[in-house]
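Dear colleague,

Please find below the structure that I am handing over to you. My findings follow after it.

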Amino acid sequence: MHRRRCRSAALVLGLAASLLVPTAVAAPPAAAATPGSKKVIVQLFEWNWTSVASECTNVLGPKGYGYVQVSPPQEHVNAAPWWVSYQPVSYRIESRKGTRAQFQSMVTTCHNAGVKVIVDTVVNHMSGQDNGGTGWAGTTYGHYNYPGNYGAQDFHYCGRNGTNDIVNYSDRYEVQNCELVNLADLKTESDYVRTRLATYMNDLLSLGVDGFRMDGSKHMPAADIAAIKAKLSRPAYMVQEVIYGAGEPVQPTEYTGNGDVHEFRYGKDLARMFNSERLAYLKNFGEAWGYLPSSQAVAFVDNHDTQRDGGVLTYRDRGEYALANAFMLAWPYGTPAVMSSFTFSNKDQAPPSDATNKVLNTTCYSGWECEHRWRAIANMVGFNNAVQGTGVSNWYDNGYQHIAFSRTGKGYLTVNDEDFAVTGRSYYTGLPAGRYCDVIHGDFSNGTCSGPVVTVDSAGWFAATVNAHDAIAIHIGAKLP
Ligand code: LM2
Ligand code: CA
């Protein structure tokens, strides 16, 4: 008995000591969240370089956007649909959106406006044209032959399903080694291919770009992306497109070692809360919903694919879409990315272009929706900048579609998606007393507000009516003197 007790005491001691042994420390995650004090990304989908440049100067910089994500700049197959951008034929920076010189000048102009540039980078594949053709800039190519870049030996031919196409997303091998919609699938495990891709990305870095949106990341092993990244000439921001699919073998979390990852569940769940469930459920929106770690996620209401595929809110939802974006820009989950679309009535529709398929200059708001300029969205970018580093406090909900919360000490948002106005309520903000511009309805500049002003009393409260399907937002960056 005595001996047993001693032995077990020793065992207990041994166990206790083992609790003190330092665990293996995982390498810190690669560059996570857009670096810098201005986090918000805007995707200027299919805008030409000249128009992106002027938008940086006139709107993105002044409104506080940190990053612009531009569509793929490399030479592509020549046809009308927007998706030609996702069928590279060479790595010349020469596309329907502009020349290399225009691209270079756009990067410089955006930097001068304080806006960094993320490039949509197509690395998983080349074109999907069985009979080849002549690219936008005159390059003659075949489906598996891109002179000077790739030949037949540089592609996968999975030979499953009677073709080379991906059919079964439950099969990791197929997802990464077969063809996504007939697009010639590069052997990203080959050092030659990796080097060629890194050379393209290094060329973009030499033009000053700040980051990459890695198209089709799910279709490449994370290790292949890591190997390409290791060949880059300098550190760069990276966000990988890995569409979450329940039960699929390839999961978004596999990619966080390389950089950020898009959280596709965010926009779908947010749409469901607005459309058929309750905003009240958003109280713990984010990691608690099974999402990627906030510090490595890029969140979005919609992107160019999901706005065509459904299940999300888009510009067509008008006010609800604005409210969803306002919520995203106020809520501390991930790096928010705002979509800016051209309007379309069919999925394949070209961006406004001339007879040669060259993209026309953007004219907000004809043919281009310019959601990122809508007041409720554009002004919430300033809110996001003002509340960086703060948590959520003072959550309120009515159990249904009316919610409110503080970003502690810096900002306050209340969203009312009920069919009725909420009147006669006061809201506790915890903000310093004073007069604040309601940035959902007014622009703040030079100390004045073009819309309604909200007065926070010395105890941190304000009283206001929140109209049906409307919101009020105030923050310390838009406080009247
Ligand atoms: C992406 N991420 O992984 C892009 O975000 C998405 O927009 C791309 O699809 C896709 N992956 C490939 O980069 C788009 C578009 C497709 C289009 C492809 C290639 O949604 O419809 O496919 O780009 O341009 C089109 C045709 C398709 C055809 C294919 C090859 O729609 O029917 O396949 O071209 O010719 C036979
Ligand atoms: Ca692949």
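The side chain of histidine 219 comes to 2.9 Å from the backbone oxygen of valine 175. Please bear in mind, here and throughout, that this is a predicted model. Histidine 219 sits in the loop that runs between strand S6 (211-214) and helix H6 (222-229). Its relative accessible area is 6%, and because buried means under 20%, histidine 219 is classed as buried. Leaving aside residues up to four places away in sequence, histidine 219 is in contact with Asn124, Ile166, Tyr169, Val175, Gln176 and Leu180.

The next item concerns a pair of helices. In general, two packed helices are described by the distance between their axes and the angle between those axes. For helix H7 (residues 264-275) and helix H9 (residues 319-330), the axes come within 11 Å and cross at roughly 125 degrees. H7 and H9 are therefore oblique to each other, and the crossing of H7 past H9 is right-handed. On the H7 side, the contact is formed by Tyr266, Leu270, Phe274 and Asn275; H9 contributes Glu320, Leu323, Ala324, Phe327 and Met328. Sorted by class, the residues of this contact are 7 nonpolar, 1 polar and 1 charged.

Cysteine 364 and tyrosine 365 are joined by a cis peptide bond, with omega at about 10 degrees. Tyrosine 365 belongs to the loop between strand S10 (335-340) and helix H10 (375-386).

Two residues other than glycine are noted here for a positive phi. For valine 181, phi is near 35 degrees. Valine 181 is located in the loop between helix H4 (172-177) and helix H5 (191-206). With a relative accessible area of 64%, valine 181 is exposed, since the class begins over 50%.

For asparagine 394, phi is near 55 degrees. Asparagine 394 is part of strand S11 (residues 392-397), whereas valine 181 is in a loop. The relative accessibility of asparagine 394 is 28%, so asparagine 394 counts as partly exposed.

With kind regards

Methods. Residues are numbered from 1 along each chain as its sequence is written. Chains are lettered from A and ligands numbered from 1 in the order in which they are written. This is a predicted model: local features need pLDDT of at least 70, side-chain atom pairs count only at pLDDT 80 or more; totals for chains, interfaces and linings use all residues. Side-chain values use heavy atoms; hydrogens and water are left out. Helices (H or I, at least four residues) and strands (E, at least two) are DSSP runs, numbered from the N terminus. Buried means under 20% relative accessible area, exposed over 50%, partly exposed in between (1.4 Å probe, protein chains only). A polar contact is a pair of N or O atoms within 3.5 Å; within protein, one must be able to donate a hydrogen and the other to accept it, and residues adjacent in sequence count only if both atoms are side-chain atoms. Contact means heavy atoms within 4.5 Å. Axes are lines fitted to C-alpha atoms, for helices over the stretch in contact, and angles run from 0 to 180 degrees between N-to-C directions. Angles under 35 degrees count as roughly parallel, over 145 as roughly antiparallel, 65 to 115 as roughly perpendicular and the rest as oblique. A crossing is left-handed if the near helix is turned anticlockwise from the far one by less than a right angle, and right-handed if clockwise. Ala, Val, Leu, Ile, Met, Phe, Trp, Tyr, Cys and Pro count as nonpolar, Asp, Glu, Lys and Arg as charged, and the others, Gly among them, as polar.
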